[in-house]
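Good morning, and thank you for coming. Please look at the structure on the screen while I take you through two topics.

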Amino acid sequence: MNIKETLFALCSADGASGSESPAAQLALDLLREYCPDAEIVSGNVIGRFGVHTEDKPSLVLDAHIDQVGMIVTHITDEGFIKVSNLGGLDLRLLPAQPVTVHGKRDIKGVVCSVPPHLLSGSAEVLPIADTAVDTGMSKSELEEIIAPGDPITFDVPCRELLGSRVTAHALDDRSGVAAILYALSLLREMETAFNVTVIFSTQEELGERGAKIGAFTVDPDYAIAVDVSFAYAIGEKENKCGKLGKGPMIGISPCLDRELSQELIACASAGDIPYQVEVMEGLTSTNADRYSVNREGAKVCTVSIPLRNMHTPVEVIDLADVELTGELLAAFIGREV
Amino acid sequence: MKELLRELCLTDGVSGGEKDIRELIIEKVRGVCEYRTDPLGSLICFKKGRKSPAKKLMVCAHMDEVGFIITSVRSDGTLTFGTVGGIDPSVIIGRQVVVCNYVSGKRYNGVIGSTAVHNLSKEEREKSPRTDSLYIDIGAADKEEAEKYVSPGDNAFFTSGFSELGERRILSKALDDRCGCAMMIQLMHEELEYDTYFVFNVQEEIGLRGSQASAYSVDPDFAIVLECTTAADIDGAEGAKKVCSLGGGPVVSFMDRTTLYDKELYCLAFDIARENSLPCQTKSMVAGGNDAGSIHVSRGGVRTLTVSVPCRYLHSASGVIEYADMENSYKLVRLLTERIHTL
């Protein structure tokens, strides 16, 4: 599996929270190579990997398929599209940002930017309720194509940076999806210590809602949320961040299973897989928080890919971390035949 | 003219680094005029007309665009930068850029990064970032790696495609002032009634520098500045605050922050528009400024007018114009270059 090509394809498919279909359909197609019976269940992509036997505990590998974005709320008489946010957007970077509005067909737009003479020196960020998208179309033209509830995503190409670093939008969490697919490609020739089910879940950015119903549907003993976390650059707190290119960040937190964290660490050490430890004081704000309290409860952990500029059109990761994350998951799950 | 505009917009040329855009313009005007590059880099062209007029007319536009200059390489491999020209930090944060090594000419993809929104205080989230809190990330692992590719003084540019927005509008970077450059190039390919100087100026965005020198050299009696100016007809803006509107035709202002325009020329422009059923608008606020500021007080004074294409989100990677405004600006300017000699 070519990680970069897979990841760029995944990032180029749109899937704002609640409108994940294009991205989910692509992820389903990719997953079926390893899980032929995979299907979309209530929005979530769910696939059982390998032969499940009664003697093994069950494990879910989860990555969320949605991405942050915006949603159409209203079309003004002048033809501007009023919006609300889907997920935790950085409103500071919205002005003049190119976007795609997904209606009956996709149309280009740009977020209105207020020129200096109308700001009178104020540096206040415009609240989302005052934010509008300009498509160059009139109200009547727009009403043929767009309706309230339609999703909006950032319009930005995937690009390579130096070395194995790349930038794209939706690397949060298509990187996790790619890492799981890569793990499955490594596991194909191996036995597994678990009955593995993969879930690419919806609506994580709105409060892990897809994972909540996915967890109920699959009801696993163990779950690993494969997501992204903060990568250091000057300006961030060094002790709160991982480093790009230094391997997956294994979570330790009161709400995660400490033994599972330790097993993942031991597994990385034994396999000479570079890793980093991410210590959190409470909830992880990942899907792990949903799996742990599903039904009667499950043992969960996070394995995160370090990422800069989270929730922006210019997220940055190191492809090496995706590869190492896949290797760690495969090493943890797989057993030599 | 749209295809020409596309080519001009997609060629980079930050103030002080106009080499590539100048070479493209030379390629476009070679054979239709005499030209020379002045010491600052402005391109001064002269085209013969059917007649040699009593008074000298200079038509000009600036070829530079706003952008960035690398100021240092940090320990984590990220780059600090300054803005070249006035750019609001809210349209800098979260964009893709290209950094160009001055010596090798090689280009590197980068992004403008900042602290993740999750890790900001409520106050920080609700304030526009300061430019000095942002950085350019080209993917270097550390300072040593970054220094192999980039040095302080190298320029960075916005990247954006040139695309249609709806059926009537265009979305691109650098419309300010490649619109003016495109109109001039087009005009230079026409048969002219009168001898005319055409100047593509450098360094407008950092304080009308190129035009100060070139206006001295050309020493014109009349000047027409072709520009691209802020239209604020956006959601929430009302009345005079819109300044000017897309679709309203060329913008001819009586006054901006750098110039009180020649009243007779101002009236002539609206007369021509009326006689030829061209839309034409003025600015409803005294805002903006352009090379007219340095030209009209050049030597003993130059009678000057600016004709601008209205543009939303002017100094960003995503400017928006209505193409018809550019066509109508062109028609107006063409008529002006003839009628101006009757004054």
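Where chains A and B meet, 58 residues of chain B are in contact with 54 residues of chain A; two residues count as in contact if their C-beta atoms, placed from the backbone, lie within 7 Å. This is a predicted model, in which local features need pLDDT of at least 70 and side-chain atom pairs count only at pLDDT 80 or more, while totals for chains, interfaces and linings use all residues. Residues are numbered from 1 along each chain as its sequence is written, and chains are lettered from A and ligands numbered from 1 in the order in which they are written.

Which element gives the most to the side of chain B that touches chain A? It is β7(B), with six residues. Helices (H or I, at least four residues) and strands (E, at least two) are DSSP runs, numbered from the N terminus. On that side of chain B, the residues divide into 24 nonpolar, 21 polar and 13 charged. Here Ala, Val, Leu, Ile, Met, Phe, Trp, Tyr, Cys and Pro count as nonpolar, Asp, Glu, Lys and Arg as charged, and the others, Gly among them, as polar.

I turn now to chain A. Its open sheet of eight strands runs β1-β2-β13-β3-β14-β17-β15-β16, with mixed pairing; strands pair if DSSP finds at least two bridges between them. At the edges lie β1 (39–41) and β16 (276–279) of chain A, each pairing on one side only. Within the sheet, β3 (residues 58–64) and β14 (residues 222–230) of chain A pair in the parallel sense over four bridges. In β14(A), A:Ile224 is the bridge partner of A:Leu61.
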